[in-house]
Amino acid sequence: MPITFFKNMGGRLVEGTRSTGLGDTHGWWNSIVAGDFNHDGRPDYIVGNLGLNTKYRASKREPVRVYAADFDQNGTLDPVLSYYLQGKNYAAASWDQMVDQMGGMKGRFPRYADYAQATLERTLSRAERKRAYVAEAVMFASAYMENLGSGKFALRPLPLAAQIASVFGMLTGDYDGDGNLDVLLVGNSHALDPQTGWDDAAIGGVLLGNGNGQFRYVSGAASGFYVDGDAKAVAELVFDDPHSLILVTQNDDSLSVFARRTRGSRAVPLRPLDAYALLTFKDGTTRREEFHYGGGYLSQSSRYLDLPGDVAQAVIYDYAGRPRLLPLSPAPDRRGNQ
């Protein structure tokens, strides 16, 4: 499916993707996180996709498709994946896989060579394709989605180094202390079929934002955020002191835990109905911080506002639009220290 946009029309969600500029984004999307990455007061997004380091190449001209129907009429659904090679559309499954799924294919293609040379149009007849459910992907790059306002978005692929594997867990924050939001991300997938093999080139990484919606990718080996397993969710557990823990889950592996020391900022606990904050910095720039229930990939971080030390004003708004001005001097901790 494409990145899909819903408008809240008086409490009723109405699909309105066509008017957003996101119509041609059908892909194998995994995750999404929000952040005001260009200081314009509007939430932008990073969206995690399959990546560009697989045998599948998808475009509007040459999409990756799945055809699904009970082709052999045995009561079970038979999905057939196809992709383009040198301008021709072929079934992705090998002869053995196809025959194992649909025994009748052995009579249609008695030899490996016959099947290897057959395009999708020969593998499935016109009648079979016509009665099949068909879905297609035209974009596999993970991307930055800039919010242009008025329900319009512009999509740009992330740096090539961030496309080496599927992106799943993501977490936003200012991790290098330059006043611009960055993104921690992990990925990989060990759930692919044996013929394709593991998608496991990622070792974790950081997208360092420059405040204008552009990013520099730093790998886990250089950043210290090193996660090389079948990584999925990322969440931050915030304590009452300047420390927090970043937790990363991995399929069939242990939990990875990273300690983060926030410099020049403090964690402000949120109320249950707090929706977002508008931060005004001493240099005149602004940033909108949204507060979510659920984010990234199947995860939920502690509901805190990370308040930088160079903020001149911070206003929190609840879901009813009621503002609350935050005091900027830190409250004393349990030992009475500021």
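Guide: Asp318 lies in strand β22, residues 311-318. Strands are DSSP runs of E with at least two residues, and helices are runs of H or I with at least four, numbered from the N terminus. This is a predicted model, where local features need pLDDT of at least 70, side-chain atom pairs count only at pLDDT 80 or more, and totals for chains, interfaces and linings use all residues. Residues are numbered from 1 along each chain as its sequence is written, and side-chain values use heavy atoms, with hydrogens and water left out.

Visitor: Which backbone nitrogens does the side chain of Asp318 reach?

Guide: That of Ala320 at 2.9 Å, and that of Arg322 at 2.8 Å. A polar contact is a pair of N or O atoms within 3.5 Å; within protein, one must be able to donate a hydrogen and the other to accept it, and residues adjacent in sequence count only if both atoms are side-chain atoms.

Visitor: What is Asp318 in contact with, leaving aside neighbours within four places in sequence?

Guide: Leu273, Asp274 and Ala275. Contact means heavy atoms within 4.5 Å.

Visitor: How do you know whether Thr20 is buried or exposed?

Guide: Thr20 has 2% relative accessibility, so Thr20 counts as buried. Thr20 lies in the loop between β2 (12-15) and β3 (31-35). Not counting residues up to four places away in sequence, Thr20 touches Phe5, Gly151, Lys152 and Phe153. A polar atom of the Thr20 side chain lies 3.3 Å from the backbone nitrogen of Leu22.

Visitor: And Tyr293: what makes this residue buried or exposed?

Guide: Tyr293 is at 52% relative accessibility, and therefore counts as exposed. Tyr293 sits in the loop between β20 (286-290) and β21 (304-308).

Visitor: Which residues of the largest nonpolar core touch the most other members?

Guide: Phe71, Val80, Met98, Met105 and Leu124, out of 16 residues. α1 gives the most to this core, with three residues. A nonpolar core is a set of buried Ala, Val, Leu, Ile, Met, Phe, Trp, Tyr and Cys residues joined through side-chain atoms within 4.5 Å.

Visitor: What is Leu124 in contact with, beyond its neighbours within four places in sequence?

Guide: Tyr67, Phe71, Val80, Met105, Arg108 and Arg129. Apart from this core lies another, of 14 residues, including Ala162 and Phe215.

Definitions and conventions. Buried means under 20% relative accessible area, exposed over 50%, partly exposed in between (1.4 Å probe, protein chains only).
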